[in-house]
Amino acid sequence: MARLKTKIQTFRLLTVAAKSLRHFSDMAAEGGKSFARRDLLLEIEAKVRTWWETEHVFRAEPSEMPPRPGEKFFGNFPFPYMNGFLHLGHAFSLSKLEFAAAYHRLRGANVLLPFAFHCTGMPIKASADKLAREIQQFGNPPVFPGEVEDQGSQELEVEDANVAKPLDKFKGKKSKATSKSSGQAYQWEIMRSFGLSDSQVAEFQDPYKWLEFFPPIAMEDLKAFGLGCDWRRTFVTTDKNPYFDSFVRWQMRKLKSMGKIVKDVRYTIYSPLDGQPCADHDRATGEGVQPQEYTIIKMEVMQPFPPKLGVLEGRRVFLAAATLRPETMYGQTNAWVLPDGKYGAFEINETDVFILTPRAALNLAYQKYSRVPEKPTCLIELTGYDLIGLQLKSPLAFNEVIYALPMLSILTDKGTGIVTSVPSDAPDDYMALHVLKMKPAFREKYGVKDDWVLPFEIVPIINIPEFGDKAAEKVCIDLKIKSQNEKEKLAEAKRLTYLKGFTEGTLLVGEFAGRKVQEAKSLIRSRLIETGEAIIYSEPEKRVMSRSGDECVVALTDQWYITYGENEWRKLAQECLSSMNLYSDESRHGFEHTLSWLNQWACSRTFGLGTRIPWDEEFLVESLSDSTIYMAYYTIAHLLHDEDMYGTGRSPVRPEQMTDEVWDYVLCDGPYPESSDITSSILKNMKEEFEYWYPFDLRVSGKDLIQNHLTFCIYNHVAIMSKKHWPRGFRLNGHIMLNSEKMSKSTGNFRTLRQAIEEFSADATRFSLADAGDGLDDANFVFETANAAILRLTKEIAWMKEVMEADSSLRRGPPSTYADYVFANEINIAVKMTEQNYQDYMFREALKTGFYDLQTARDEYRFSCGYGGMNHDLVYRFMDVQTRLISPICPHYAEYVWRELLKKEGFVVKAGWPVSATPDLTLKSANKYLQDSIVLMRKLLQKQISGSKKANNKGASATTLTEDKLVGLIYVNEQYDGWKAECLRMLQSKFDVSTRSFSSDVDGEILEAIKNSSVCPDVNFKKTQKICMPFLRFKKDEAIALGVQALDLKLPFGEMDVLSQNLDLIKRQIGLEEVEVLSVCDPDALARAGPLVRLIEQNPPTPGNPTAIFCSR
């Protein structure tokens, strides 16, 4: 612990950059802004964290009895990689777990939320090595190219490196050194951006220094964020931590003993610079990209060679054309090359030379097709112009000799740059050959002779239903394609023919004539490879860049693989998935798709940090393979580490005592390890911890980890753990944007977690994260929302203090007024709806119902109470309930209010979910009716005032209406009658409650019935239609949206009662001297309208829509 504290103190001294955000805040204050409210929240947060730490609020201990459903909650988060500071992207995903755990803790569950730090893999080692190379090349401290002539100003920049710039100017500004180099930042400059001095930067040549520096900083940042974590269980990965190293070794041996790890030769994405496979987490770009397998057709260049190829005399020279459709080779009419493309003649072995692009040659060199392994030997550099006109003999082609011709649309970053031409079935080939034939000038431009093109006709090879045996020609004619440049039409042509050709096409020629294409394809490919006329070639589906900065290839490697995709294992994974809660159909489809294609995974590396493969220590376990079941390690980490994340503290258990037998006993229901010298009480304690907490209930992650880490997690659990310990749930989210733009360091639209906390406070940051969004689409962290949260939270504190200071002015006794009942009901509704939203992990909705809506209800209540004042008990209940409901999202604020203002015992984070009565939905509807009616009356008043003014201006006789001393008469019709009542009764009988739908001809049936009834509004049927149809449509739409209650003849409450109980509110809201509520069905009441009765006749009241008229007193 002492060593850890020393590191944290060192961090405090080093990270002036984080603290200097105070400096930029002061700079902003010069522009007239005050940060007093933000600073108040920061002070509150510091105080509250001290309370929590003193009382060990977030420590998780198992109960004596096994937990019943809902009694415990174990949630976790993929440990972040420790080559830099945590940022808002981490915080966004993590907030979903934090809010969920806080909700379960609040409602009384025993909660375990642990956190650890991932250091396995190559990025840290690559960065450390890069730093060492820079020091070796440029000195210590280094003087980079371009720095010498401006050393004075550069020294000033170094001096100020620890001072953060104002965040609105946080641009990815390149130093002079960077700008004059390859464009990639020097590692030294990156380290200085972390606030390190030159002397400190040099220490990071040691990769283990990174492990000592960044994890303690991250832990402090997360504490400042308010993470409810049991920090006793934190750890780092790699052999730096001997206990976790033992755990991973056990896991790998376990998988190997089950036949789940094998050594095999397979195609894999590979980094030539790193000299090892490049898995998803080793990539700067191209995550999820897999090898794409082609067939290379060896198109032999016929003698005599042109002068440019003279040095190749005596060799067998081939144009190497990569194809995905070897079954179509019977129909070749030519080969295509890119005139301006860069090619080379590469030595494959002592006799064979392939002509193809350098990129493809590099891939082949790593697939054992190069005379010098992994180093392509280029005998001649060529361009496409050098290849045009070459005579070729191509496998399976009916044309004995074909020629290399120009095609301008070839991509040299795909395939080999050499393309076979089959115009019978490939629309691109058909159009390119057609253009060459039809345009002599085009042939002349590229030196193409007529006899290389004109004699060659389409060779029918496949019959496709609907398209015949010349599918490409037919579809191009049908789509009226005239040029190779009509890319969208050509793409549509391929879509129409390729899939149908494969699934329904029949081969017409060759050895396998008469067979379906999908059957013949693999047979033809195998035959070509067996006869030496073709080879297998693989390359990345898309461009992949490693974190070391080089472009990856596909290599044929002999290494250790985990056999994901094996049939029986996949079935177990699917069974596990089917029982898991994934919270969205889109997430489930993502996992189902991944399980359908995921295959063997290379689990070993030769470069980087990590755990050695225990039976083959030349290799390390790669970074996605040591992070699949480590959630189980959390359950006992505190018993091994003695609160030291590196596992070097004084522990009663030594790392070497954690044998495979011990791990099996603790985690896999294995027999008691009789040979172990660990005391039985400790072994029992470890097993009880694991059995209590496992399985985990929730793992929160970004959706991009479905295709690897999360699916690996399922596979490894079902292989190693018993079914009762399989994962219960994954909750996934999209990425986070800042102010509707992609988060990016290079544009300055970026925040570390520490920066966000210093700028907004932890709780305002958390507030904005909750508001950012909950689905799989990208969410949006809005700075204005965070700033508004600062204002809202501090104003709420001020309001509570004001209320408490004026406590004697509050009305005593039980709730007694209409406003009291409505407010109490709104509190009950908030409790119920917010609970449901938290249970569904819909935190944006929880914020709305538990804070925004509750604030609105409180503000309406304050206004509704008027001079009578608010009810004491209700106001204090509101403060109690709101504080609890917001505590998962803004725990520091809530804790401060709970203890300092409300003077409650204990901690709000464990206070229990508030108890509430069943919400009265009728009362809610009545209050909505009241509020809507007030809005309607205000509009009617303005309309009547403006109408009387217009009448006076025109000299017409009218009642003059001013806004002084107004009297309002509100006319209500509480029940439909006549033809409307008849319509509603008939709609009720035709409404299907289960489907919320009506029969198709319900309108005609009702109109016919109305026509023949005594309540028909007009003898003219067309007029009846005109009168009835709008009402029918409106009520039908209402019923479909709201349910059968929309067809009731009256509202579920008394409209006159609601309005009569709120006359004072109506008067204050509209500005009236007097108000009366009258029934439109009462002739005496109607007579009181006098000449204004015309307004009632023009706008008669209906249930839910009163009509008001106004006159001066």
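Keep in mind that the model is predicted. The protein is built from 40 helices and 32 strands, and its C-alpha atoms fill a box of roughly 120 × 85 × 70 Å along the principal axes. Of its 1113 residues, 54% count as buried. Among contacts with a separation of 6 or more, 77% are between residues 24 or more positions apart.

Let us turn to the aromatic rings. A pair of aromatic rings is described by the distance of the centres and the angle of the planes. The count here comes to 70 aromatic pairs. One of them joins Phe-235 and Tyr-630, whose rings sit edge-to-face, 6.5 Å centre to centre with 80° between the planes. Phe-235 lies in the loop between helix H11 (207–225) and helix H12 (242–257), while Tyr-630 lies in the loop between strand S22 (620–621) and helix H22 (631–641), so this pair ties together parts that are 395 residues apart in sequence. Both Phe-235 and Tyr-630 are buried.

A second pair to look at is Phe-760 with Phe-781, which is tilted: the centres are 6.1 Å apart and the planes are at 50°. Phe-760 belongs to helix H26 (residues 753–760) and Phe-781 to strand S27 (residues 779–781), so the pair ties together parts that are 21 residues apart in sequence. Phe-760 and Phe-781 are both buried.

Returning to Phe-235 and Tyr-630, you will find that ring pairs link them into a cluster that also takes in Phe-79, Phe-244, Phe-247, Trp-250, Tyr-633, Tyr-634 and Trp-663. With a relative accessibility of 0%, Thr-238 counts as buried.

The charged end of Lys-209 sits over the ring of Phe-204, 6.0 Å from the ring centre. Lys-687 lies over the face of Tyr-665, at 5.1 Å from the ring centre.

Now go back to H26, the helix that carries Phe-760. How many of the residues of H26 are buried? Eight of eight are, so the helix is mostly covered. Just after H26, Ser-761 takes a positive phi of about 95°.

Next come the empty spaces. Rolling a probe the size of a water molecule over the atoms shows where empty space is left. A search of the whole structure finds three cavities of 30 Å³ or more, and the largest cavity holds about 110 Å³ of space. Which residues lie nearest the centre of the largest cavity? They are Ala-819, Val-822, Tyr-861, Ser-864 and Asn-927, out of 14 lining residues. Helix H29 (818–839), helix H30 (843–865) and helix H33 (921–953) each supply at least two residues of this lining, and H29 gives the largest share, with five residues. By class, the lining of the largest cavity has eight nonpolar, four polar and two charged residues.

The second largest pocket draws on H29, H30 and H33 too, along with helix H36 (1021–1042), each supplying at least two lining residues. About 1300 Å³ of space lies in this pocket. Its lining has 42 residues, and those nearest the centre are Ser-925, Lys-928, Tyr-929, Asp-932 and Leu-1042. For the second largest pocket, the largest share comes from H33, with 11 residues. The lining of this pocket divides into 19 nonpolar, 11 polar and 12 charged residues.

Finally, a few spots in the backbone are worth a look. A cis peptide bond joins Asn-140 and Pro-141, with omega about 0°, and Pro-141 is found in the loop between helix H6 (123–138) and helix H7 (151–159). The bond from Gln-303 to Pro-304 is also cis, with omega near -5°; Pro-304 is in the loop between strand S6 (291–301) and strand S7 (316–323). His-56, in the loop between helix H4 (36–55) and strand S1 (72–76), has a positive phi near 50°. At 43% relative accessibility, His-56 counts as partly exposed.

Definitions and conventions
Residues are numbered from 1 along each chain as its sequence is written. This is a predicted model: local features need pLDDT of at least 70, side-chain atom pairs count only at pLDDT 80 or more; totals for chains, interfaces and linings use all residues. Side-chain values use heavy atoms; hydrogens and water are left out. Rings of Phe, Tyr and Trp (its six-membered ring) pair if their centres lie within 6.5 Å; planes under 30 degrees apart count as stacked, over 60 as edge-to-face and the rest as tilted. Helices (H or I, at least four residues) and strands (E, at least two) are DSSP runs, numbered from the N terminus. Buried means under 20% relative accessible area, exposed over 50%, partly exposed in between (1.4 Å probe, protein chains only). A charge sits over a ring if NZ of Lys or CZ of Arg is within 6 Å of the ring centre and within 35 degrees of the ring normal. On a 1 Å grid over the protein atoms alone, a cavity is a set of points where a 1.4 Å probe fits but cannot get out, and a pocket is an open set with protein on both sides within 12 Å along at least five of seven lines; lining residues have an atom within 4 Å of a point. Grid points are joined across faces, edges and corners, and a volume is the space filled by probe spheres set on the points. Ala, Val, Leu, Ile, Met, Phe, Trp, Tyr, Cys and Pro count as nonpolar, Asp, Glu, Lys and Arg as charged, and the others, Gly among them, as polar. Contact means heavy atoms within 4.5 Å.
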